[in-house]
Amino acid sequence: MRLKNSPLSNNRPTIAVLTNMVATPYSEGIIFGATDYAKSKGYNALCFSGAEFAKPEAVNMSRDRIFELIDREMIDGVILPMGALSRFLTMEEQLAFLEQFKGLPVITINSEIPGYKTVGYSPRQGMFDLIDHLVKKHGVRRFSFAGATGMHRASMVKKQFFLEALESQGLDFDERLYLTSDMGRNAPVPGLAKLFSGKEELRPEAIVASSDNQARDILLALKGLGKKAPDDVIVTGSMGNVVSLFTEPPLTSILEPTYELGWHAAERVISAIEGRPYKEDLILPTSLVVRQSCGCHKPGKDLPVPNDAPSPLTKEKVSLEIEKVLAEAPPEQKTVINRKTVENLSSLLEEDLQRGSNEAFAAELHRLLERAVREEEFYLWGQVVERLHFLLMEQAGGASPRGVETEIGASLFHIVQICDEKAGRYRSFEAEKYVGIMREIGIQLNSEFNIDSISRILSENLKINDCYLTIFEDLETPLETARSVMATRGGQQLKVSEDLYPSRQLLPPGVESYDEPYALLVMPLSFRQDFLGFSVMTMEERKGIVYEGLLTLFSSALKNEKYMHSLMEAEEKFRILAYRDPLTDLANRTLFNDRLKNTVAVSKRGKQEFAVLFVDLDGFKWVNDSMGHDAGDILLSKVSELFTHCLREEDTLARFGGDEFVAILPRINSRNDAMRGAERMIEALSNPIEIRDQSVFITASIGVALFPGDGTTPETLLKNADKAMYRSKQNGKNRFSFYEPELEDALNRTIMIRNLLHNAIREKGFHLLYQAQVNEKSRRVSGVEALIRLSGTKAQFIGPGEFIPLAEEIGLIEQIGLWTFRTACEQQKQWNREGYPLKCSINVSSKQFQNPHLADDFIQIVNETGADPKKITIELTENAVLDDTEGNASKILTTLSNYGMSIAIDDFGTGYASLSILQKIPVDILKIDRSFVMDCERNDENANIIAAIVMMAKSLRLKIVAEGVETEDQLDFLSRLGCDEIQGFYFSKPMSEQQIVDLTNSLSL
């Protein structure tokens, strides 16, 4: 019996689609194919997304539990793709899972479950077409096949069809040409280098990969070997999705009908619901999509012009040819171009031909392309335009080059290229757009949990009309009752019932029922092994990865709820969180600022003194790093209790963020009252704190500012207390300091450094030191990093970390950077002349890339100094590329790379989007930041990060330099991972030119 009071009850039948993660092209195609068909027939669709492949068991277990929310009383039929069953290891487990749907029509996809009908596909036809094309069109005789590692069913099936296709062409397969690799993104391809470095008979003419992702990784690996498709070897994929379209070059691929699988599965389950069950399974064929990776359709290559006598080019013929292109398009693209558009284009083309004009038709095509909004649309338009170009060339026949058919045809061929280019640009733009949207949602979730703002972003930017977040009342029995945390519809927050409701109801009471058929995606909110709750979203956005991204944000924002067994009303909960720190239950920054403003106002009226104390824990990072963040949280909670007992009832204690606390001591009689409060807080930490049977010692540095002497506004008092706290840190920690006006000396120091920089520019007041980079295997000096220093006694204690940002701010960095580059090049040449061919790394500020002539300036300096460009490395940080909105840095670095210089990314892994940088610039070297190295031998998190960076670099054939190496344990750890070069105090501090020579000689003995 359907739940009558549920918003899901709109008196329409409902099908359920069960999948693994929705971010894969396979699941995405099935889901949207099934929901499109269901809605076209007036059915609702509920899609439940569960576990991810290749994830830890604990993560998959929590995600798997989303299937426990399926209420069979709400559904009339089930679609079950292979991915939702693959987590079960045995047939018995699969059948046990399916038992809950007994009595309901069930259609499986690509599975072989006894007693259940299936819709599947066979890559056989596509594989035979592919091999036939490669043999007859390109003359390929020697093939390699790239399969997945392990027992990957789909890969094994494709290999079998591959072997059968070869046999049909009278060819044998040499098993020595069989490659295996993981199916994950950017996975290495073992054995590929051996094929191209060994004997001629082991060099394949074509590599057939079992997936598009694998083919893309092969293309990247070939690039690292100096090989290119299709010039050196043909590479093809299998799936034919958007990944294959936007590889470089675009992949010839076997098109797998994922959308059609969902469409036909929905068709069959709905037929069964309506009493018309199909008796036979449906196996769909695959087909071949020919693109540039096999050597066809190369850019700039003319489209064919037939020699046969043309038939008249009429409006009807044009319409018919466009309809043919649309008929061959995948179902989800058929709505891109409607009949009215086809008729309009046909009329305009006929009119242009009659008038001898080349204006209206091409202009209308350009207008339609400007309105296209998805990469799939650009691709389909490209196919239409390509076909029209063919017709025009056919019509032109032997006409003169000035014939209108030829002119329009030339315009159309240009538009074909525009379609491809625009699709690529849009894909890049779309990725950046989604990153920006997700970032904004994350800010709103983790700052104020601004539901109204989140609702608008979801509705306006992602076209997700409905979004509901629900958390279980009791984590021990999550299926019993739940409470709504967020409910939005149409860009507006909904006021829903505050009562608990059954979890399987999915939507909270009070949500207005749907009238039209709906398609809803149900996904788990989880944290590690805990199943916290679930999200329900409408499926207007057709990008599965968007939903997975939102799920991560929602789960992260709500993960602290796993500590609560009974949730308060959502509105009340977030009101409290707005003023209280959830970890310590102290006042948070917002409440503290309100109290401070009020205390200032009251003290002004009463002419009363009060104190502000700014407290920072000494050594807290060590506890976090050595014992874990959970231990750090326990420590903060215990410290907050100790501090609370030190203060009076009328005092305010707040956690300001991280390991910082602030206190307001109102109505004090003298400076001594504030001093006694600070002393009590320091004394409270004199004894060890017990955490997990370990004694932890912690101290505090405190700064004190007094009203009104040290400030009469909240901002001034807080700022001055903070300055005083830093004085305590500088003076040895575990103490307190009162604010003193001489702290303003910091401002005077900034002015002094500015003057020193201007004088150094005029009087050559800089010098370079060099830190050795030692080859890990030979333990000999292989290169140096040039480090700039200010000269003179006044600059003795001013480091580059202080004066470089100031030089950037006041516009001197370009002059300083050019001086540094010239001096380092001169020194490199001098060392080379003396028989020390050391490579020299030179840091370049992100501000320098604003100069479009920087590459020319550097190349001129290299020529003038006689330095070897192959011994020069340009070092830059990730931000230099991320901030490069106009593409200057990419162009400059490409020019320098082509000239022979190496490019290194400094502090790799500390920026926002490290991986994206590797696609923007020609990188040769990654330098692991010292923050990861400093405790890598005992910090698992840093060790894992370093291992991941090294593995990625090795797969991309990049050199790895580890910075900040100070101990033998660190050196041993980095050596085991395979770092190429070591830099740090273990071998040398920054040295003079002669000291580097002496070190080089000593390490060579």
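Let's start with helix α26, residues 813–833. At 1.5 Å a residue, its 21 residues should span 30 Å, and its end C-alpha atoms are 30 Å apart, which agrees. The expected span here is 1.5 Å times one less than the number of residues in the helix. Helices are DSSP runs of H or I with at least four residues, strands are runs of E with at least two, and both are numbered from the N terminus.

A word on the source. This is a predicted model: local features need pLDDT of at least 70, side-chain atom pairs count only at pLDDT 80 or more, and totals for chains, interfaces and linings use all residues. Residues are numbered from 1 along each chain as its sequence is written, and side-chain values use heavy atoms, with hydrogens and water left out.

Back to α26. Which of its residues are buried? They are Ile813, Ile816, Gly817, Thr820, Phe821, Thr823, Ala824, Cys825, Gln827, Gln828 and Trp831. Buried means under 20% relative accessible area, exposed means over 50%, and partly exposed is in between, with a 1.4 Å probe and protein chains only. Just after α26 comes Gly835, with a positive phi of about 95°.

Phe821 takes us to the core. The largest nonpolar core has 80 residues. Phe821, Leu757, Ile874 and Leu926 have the most contacts inside that core. A nonpolar core is a set of buried Ala, Val, Leu, Ile, Met, Phe, Trp, Tyr and Cys residues, joined through side-chain atoms within 4.5 Å.

Take Ile874. What does Ile874 contact, leaving aside neighbours within four places in sequence? Phe821 is on the list, with Ile842, Val844, Phe858, Leu893, Leu896, Met901, Ser902, Ile903 and Ala904. Contact means heavy atoms within 4.5 Å.

Ala265 is one of the buried residues of α10. Others on that list include Tyr259, Leu261, Arg268 and Ile270. Just after α10, Gly275 takes a positive phi of about 85°.

Thr236 lies in strand β9, residues 234–239. Thr236 is buried, with a relative accessible area of 0%. Residues up to four places away in sequence aside, Thr236 touches Leu130, Leu134, Ile207, Val208, Ala209, Ala215, Leu251, Thr252 and Ser293.

Lys117 lies in strand β5, residues 117–122. Is Lys117 buried or partly exposed? Lys117 counts as partly exposed, because its relative accessibility is 35%. Lys117 and Ile107 are 10 residues apart in sequence, and 5.5 Å apart in space, C-alpha to C-alpha. Not counting residues up to four places away in sequence, Lys117 touches Ile107, Val106, Thr108, Tyr278, Lys279, Glu280 and Asp281. A polar atom of the Lys117 side chain lies 2.5 Å from the backbone oxygen of Lys279.

Now, charges. Side chains of opposite charge can pair when their charged atoms come close. How many salt bridges does the structure hold? There are 24. A salt bridge is a side-chain nitrogen of Lys or Arg within 4 Å of a carboxyl oxygen of Asp or Glu.

Here are some of them. Asp618 and Lys729 meet in one, at 2.7 Å, N to O. That pair links distant parts of the chain: Asp618 is in strand β19 (residues 609–618), Lys729 is in helix α23 (residues 714–730), and they are 111 residues apart. Asp618 is buried, at 6% relative accessible area.

Lys102 and Glu99 form a salt bridge at 4.0 Å, N to O. Lys102 counts as exposed at 60% relative accessibility, and Glu99 is partly exposed at 46%.

Asp651 and Arg648 meet at 2.8 Å, N to O. Asp651 is buried, at 10%, whereas Arg648 is partly exposed, at 31%. Salt bridges that share partners also join Glu785, Glu875, Lys927 and Glu963 into one network.

Last, cysteines. The structure holds zero disulfides, a disulfide being a pair of cysteine sulfur atoms within 2.5 Å. Cys936 is in no disulfide, and the nearest cysteine sulfur, that of Cys979, is 8.6 Å away. Cys936 is buried, at 2% relative accessible area. Cys467 counts as buried too, at 0%.

Definitions and conventions: Polar contact = N/O pair within 3.5 Å; in protein donor to acceptor, adjacent residues only side chain to side chain.
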